[in-house]
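Please look over the sequence and the 3D structure below before reading on, and keep both in view as the paragraphs lead you through them.

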Amino acid sequence: MAEGSDDKCFSCITLDEDDDRKVGVTLSKDLMAVAGDALITNIATVGPLVLPTSEQLLFFGTLDRKKVYKMKIKAYIPDFKLAFEHFYIHAARRCVLGELERNLQLSPWHMEPSRMTLCRFGSSSLWYELAYTEAKGLVSK
């Protein structure tokens, strides 16, 4: 579980001063692992609240076989497209969006608002992604 009391989580993003006394952000190599753990925790928390019963049964059935019966099977990733129509992913790198697209089995259509705002503004932002989706006529005010 990703939390601030864990040193790896706490120190994955820090403000540092260089030799010229300029302050900058340092990202550690643990950032992607910490972010992945946080995403898994959030999905596990939100999943039971939004996913259809069939997806929950598949997820917990697979988890049960893995944990209780020690079967070597791949973890089941629920189909969140059954619960959500739009996905807005805040990311500062294309590779992060690519990994989330692959892991959550999202289509290029789902990723378009995030990719376009990342391309235009250098970071994908929820507000810009919502504005993009609205401008394309995919959601209304």
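Against which element do the buried residues of α6 pack? They pack against α5 (contact meaning heavy atoms within 4.5 Å), as the buried residues of α6 show. This is a predicted model, in which local features need pLDDT of at least 70 and side-chain atom pairs count only at pLDDT 80 or more, while totals for chains, interfaces and linings use all residues. Residues are numbered from 1 along each chain as its sequence is written, and side-chain values use heavy atoms, with hydrogens and water left out.

Helix α6 covers residues 126-135, and Glu129, Tyr132 and Thr133 are buried in this helix (buried means under 20% relative accessible area, exposed over 50%, and partly exposed in between, with a 1.4 Å probe and protein chains only). Seen down the axis of α6, the buried residues fall within an arc of 95°, so they line one face of the helix; the arc is that of the directions from the helix axis to the C-beta atoms. The face turned away from this buried side carries the exposed residues Trp127 and Ala135, and after α6 comes Gly137, with a positive phi near 80°.

Elsewhere, Ile13, Leu15, Val23, Val25 and Leu27 make a nonpolar surface patch of about 520 Å². Strands β1 (13-17) and β2 (23-27) each supply at least two of the patch residues, and β2 gives the most, with three. Val23, which is found in strand β2, counts as exposed because its relative accessibility is 59%.

As for confidence, pLDDT runs from 0 to 100 for each residue, and the protein chain has a mean of 87.

Terms used:
Patch = residues over 30% accessible without salt bridge, like charges linked within 9 Å, V, L, I, M, F, W, Y side chains within 5 Å. Areas by Shrake-Rupley, 256 points an atom, 1.4 Å probe, with all protein chains shown as cover. Salt bridge = Lys/Arg side-chain N within 4 Å of Asp/Glu carboxyl O. Helix = DSSP H or I, 4+ residues; strand = E, 2+ residues; numbered from the N terminus. pLDDT = per-residue confidence, 0-100.
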